[in-house]
Amino acid sequence: MRIATAKETYIADEGLLVTATQRAWLGMLLAMLLLAPFVLNQYWLYLACLVAINVASATGLNILTGFTGLVSLGQAAFMAVGAYTVAFFEGQVGTPFLVNIIAAGFVAAFVGVLVGIPSLRVKGLYLAIATIAASVILHFVFTHWVSVTGGVRGINVAPARLFGLELASPFALYFVIVPITCLMVLGAANLFRTRIGRAFIAIRDRDISAEVLGIPLLRYKLMSFALSSFYAGVAGGMWAYFFRVVTPESFPFATSIFFLAAVIVGGLGTIIGSVLGAAFMTLMPELLKYVVEWLAPIFPNAGAALSPVRTIVFGALIILFLVFEPHGLAEMVRRARRFFHLWPFRT
């Protein structure tokens, strides 16, 4: 059994990647991400961009729920704030693409701080209900503030432009959405090696003890809400440029459930869990569709008979994960890594 790794310098102790194997895997992943746009067709590039957007939002929710222990069911509403911010700035102000994306994050963070104020008094299911109430209020604002949001008709968003190039296709958007998501995931991974990230974890594990140790609960809880909402706002901004139209129905309450399920399936309190969970929740329905199409030649009516069943199978897979692997996909990855650490010797 592997029990520790020797680190001879402080730089090695602070490193995210501590072994040559980890650096090799990261290099392979980066190479695959660089080659993907030139290998995949438009459909799979569309899915790759969608996965990247969902990874960004799921990472934000994991900061709040997985690392700080504050349950939120308002992630879709924060994404909507970011999407509307991008639509407004793009259409009314004409600011550049990157400025709009950053503004979407900060506006969503401001709204997240307002929503997070009750978190000092309530937590658990009560806080989840408070975030649902905030989502309902924001949906009302999106529907009735017609001069800014366009009401129920929504707002059309012009294609993103960067350095004079129009980013209108999944191929072009891939080169901005995926790097932004990678930076956000890297930032989240580094966050939990800082005082702020460790304060989040202390609050999650025992908030009263954290306060006794000198951690201001309200400040750090609001900071967690702001960071989570910032991630959701940026994801919403990328979503707006990707789909080019924003309406009040673009981010239903089911989307918040989707992200909470992604974080739970991937692994609460782990960065890699956010990535795996978002990818699983986004791609699994598509893979089930391919299974149905593969069965069509063998069973002529498979498409008509099995298509409605796909949703049931998808839900059953999530339940099976919760029953047999409550720590999520991240724990499966950890077990695989432990197995290969001393392979071919038995642990």
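The model is predicted, so local features need pLDDT of at least 70 and side-chain atom pairs count only at pLDDT 80 or more, while totals for chains, interfaces and linings use all residues. Residues are numbered from 1 along each chain as its sequence is written, and side-chain values use heavy atoms, with hydrogens and water left out.

## Helix packing

Two packed helices are described by the angle between their axes and the distance between the axes. Helices (H or I, at least four residues) and strands (E, at least two) are DSSP runs, numbered from the N terminus. Axes are lines fitted to C-alpha atoms, for helices over the stretch in contact, and angles run from 0 to 180 degrees between N-to-C directions.

| Helix pair | Angle | Axis distance |
|---|---|---|
| H4 (residues 75-93) and H11 (residues 217-243) | about 55° | 6 Å apart |
| H4 and H5 (residues 97-116) | roughly 140° | within 8 Å |
| H12 (residues 253-266) and H13 (residues 271-295) | roughly 120° | within 7 Å |

Angles under 35 degrees count as roughly parallel, over 145 as roughly antiparallel, 65 to 115 as roughly perpendicular and the rest as oblique. A crossing is left-handed if the near helix is turned anticlockwise from the far one by less than a right angle, and right-handed if clockwise. Contact means heavy atoms within 4.5 Å. For residue classes, Ala, Val, Leu, Ile, Met, Phe, Trp, Tyr, Cys and Pro count as nonpolar, Asp, Glu, Lys and Arg as charged, and the others, Gly among them, as polar.

H4 and H11 pack at an angle of about 55° and are therefore oblique to each other. Their crossing is right-handed. On the H4 side the contact is made by Gln75, Phe78, Met79, Gly82, Ala83, Val86 and Glu90. H11 contributes Ser228, Ser229, Ala232, Gly233, Ala235, Gly236, Gly237, Ala240 and Tyr241. The contact of H4 with H11 has eight nonpolar, seven polar and one charged residues.

The axes of H4 and H5 cross at roughly 140°, which makes H4 oblique to H5. The crossing of H4 past H5 is right-handed. Here Phe78, Val81, Gly82, Thr85, Val86, Phe89 and Glu90 of H4 meet residues of H5 that include Asn100, Ile101, Ala103, Ala104 and Val107. By class, this contact of H4 with H5 has 11 nonpolar, four polar and one charged residues.

H12 and H13 cross at roughly 120°, and H12 is thus oblique to H13. This crossing is right-handed. Phe258, Ala261, Ala262, Val265 and Gly266 in H12 meet Gly273, Gly277, Ala278, Phe280, Met281 and Thr282 in H13. The contact of H12 with H13 divides into seven nonpolar, four polar and no charged residues.

## Salt bridges

Side chains of opposite charge can pair when their charged atoms come close. With a salt bridge taken as a side-chain nitrogen of Lys or Arg within 4 Å of a carboxyl oxygen of Asp or Glu, the count comes to three salt bridges. For accessibility, buried means under 20% relative accessible area, exposed over 50%, and partly exposed in between (1.4 Å probe, protein chains only).

Arginine 161 and glutamate 166 form a salt bridge with an N to O distance of 3.4 Å. Glutamate 166 is partly exposed at 47% relative accessible area, and arginine 161 is partly exposed at 45%.

In the salt bridge of arginine 204 with aspartate 205, the closest N and O atoms are 3.1 Å apart. Arginine 204 is partly exposed, at 34%.

Glutamate 331 and arginine 334 also meet in a salt bridge (3.1 Å, N to O). These residues are separated by about one helical turn because they lie three residues apart in helix H15 (residues 328-341). Glutamate 331 is buried at 13% relative accessibility, whereas arginine 334 is partly exposed at 33%.

## Single residues

Methionine 332 is also placed in helix H15 and is partly exposed at 39% relative accessibility. Leaving aside neighbours within four places in sequence, methionine 332 is in contact with Phe321 and Glu325.

Most residues other than glycine have a negative phi, and most peptide bonds are trans. Phenylalanine 163 has a positive phi, near 55°. Phenylalanine 163 lies in the loop between strand S2 (160-162) and strand S3 (165-167) and is exposed, with a relative accessible area of 78%. Arginine 244 has a positive phi near 65°. Arginine 244 lies in the loop between H11 and strand S4 (245-246) and is partly exposed at 30%.
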